[in-house]
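Here are my notes on the model you sent. They are set out as numbered points, to be read beside the coordinates.

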Amino acid sequence: MALTKTIKIDGIDTTFKASAAVPRMYRIRFGRDIYRDLNQLEKAVDESNEEASGLDTFSLELFENIAFIMARHADPENVPNDPDEWLDQYNTFSIYQVLPEIIELWGLNVKTDVESKKTSQS
């Protein structure tokens, strides 16, 4: 069961979707493991603060790619197929605002999946 969450980013309502398809979509598109990347980003944001960001450009790119995949998954008809084109609609896209929301959404999706497996095996 997929979960969605709408977040207002720079005044624009943006919907993100988490489902079992996201890791595959991310791997096919970017050749990376979304679980590792989310874990790395969560640690990097926890160790940094918004005023004196210590995040490197690679971490920011990981974040943008994850956000893009989840937004495109939620609304493939209106989200462009190019991450740069999608990001271009925003004046600001704060990792400190959006990443915690995405992590929460992803966590709820994984929790729901684990609970479903537990109840189906009973």
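1. A residue is called buried under 20% relative accessible area, exposed over 50%, and partly exposed in between. Asp 10 has 33% relative accessibility, so it falls in the partly exposed class. Asp 10 sits in the loop that links strand 1 (3-9) to strand 2 (12-18). Its phi is positive, about 50°, although Asp 10 is not a glycine. The model is a predicted one, and the backbone at Asp 10, with that phi of about 50°, is a place to look at by eye.

2. On the overall layout, the chain contains 5 helices and 2 strands. Their order along the sequence is β-β-α-α-α-α-α. Of the 122 residues in the chain, 36% are buried. Taking contacts between residues at least 6 apart in sequence, 66% are between residues at least 24 apart.

3. Ile 7 belongs to strand 1. Its relative accessibility is 7%, and therefore Ile 7 counts as buried. Leaving aside residues up to four places away in sequence, Ile 7 touches Ile 12, Asp 13, Thr 14, Phe 16, Gln 97 and Glu 101. The pair Ile 7 and Glu 101 is separated by 94 residues in sequence, while their C-alpha atoms are 7.8 Å apart in space.

4. Helix 3 covers residues 57-74, which is 18 residues. From first C-alpha to last it reaches 26 Å, close to the 26 Å expected at 1.5 Å a residue. The buried residues of helix 3 are Ser 59, Leu 62, Phe 63, Asn 65, Ile 66, Ala 67, Phe 68, Ile 69, Met 70, Ala 71 and His 73.

5. How do helix 1 and helix 3 pack, and at what angle do their axes cross? The axes of helix 1 (residues 21-30) and helix 3 come within 10 Å and cross at roughly 125°. Helix 1 is therefore oblique to helix 3. The crossing of helix 1 past helix 3 is right-handed.

6. Which residues make that contact? Helix 1 supplies Ala 21, Val 22, Met 25, Tyr 26, Arg 29 and Phe 30. From helix 3 come Leu 62, Asn 65, Ile 66, Phe 68, Ile 69, Met 70 and His 73. Sorted by class, the contact of helix 1 with helix 3 has 10 nonpolar, 2 polar and 1 charged residues.

Key:
Residues are numbered from 1 along each chain as its sequence is written. This is a predicted model: local features need pLDDT of at least 70, side-chain atom pairs count only at pLDDT 80 or more; totals for chains, interfaces and linings use all residues. Side-chain values use heavy atoms; hydrogens and water are left out. Helices (H or I, at least four residues) and strands (E, at least two) are DSSP runs, numbered from the N terminus. The expected span of a helix is 1.5 Å times one less than its number of residues. Buried means under 20% relative accessible area, exposed over 50%, partly exposed in between (1.4 Å probe, protein chains only). Axes are lines fitted to C-alpha atoms, for helices over the stretch in contact, and angles run from 0 to 180 degrees between N-to-C directions. Angles under 35 degrees count as roughly parallel, over 145 as roughly antiparallel, 65 to 115 as roughly perpendicular and the rest as oblique. A crossing is left-handed if the near helix is turned anticlockwise from the far one by less than a right angle, and right-handed if clockwise. Contact means heavy atoms within 4.5 Å. Ala, Val, Leu, Ile, Met, Phe, Trp, Tyr, Cys and Pro count as nonpolar, Asp, Glu, Lys and Arg as charged, and the others, Gly among them, as polar.
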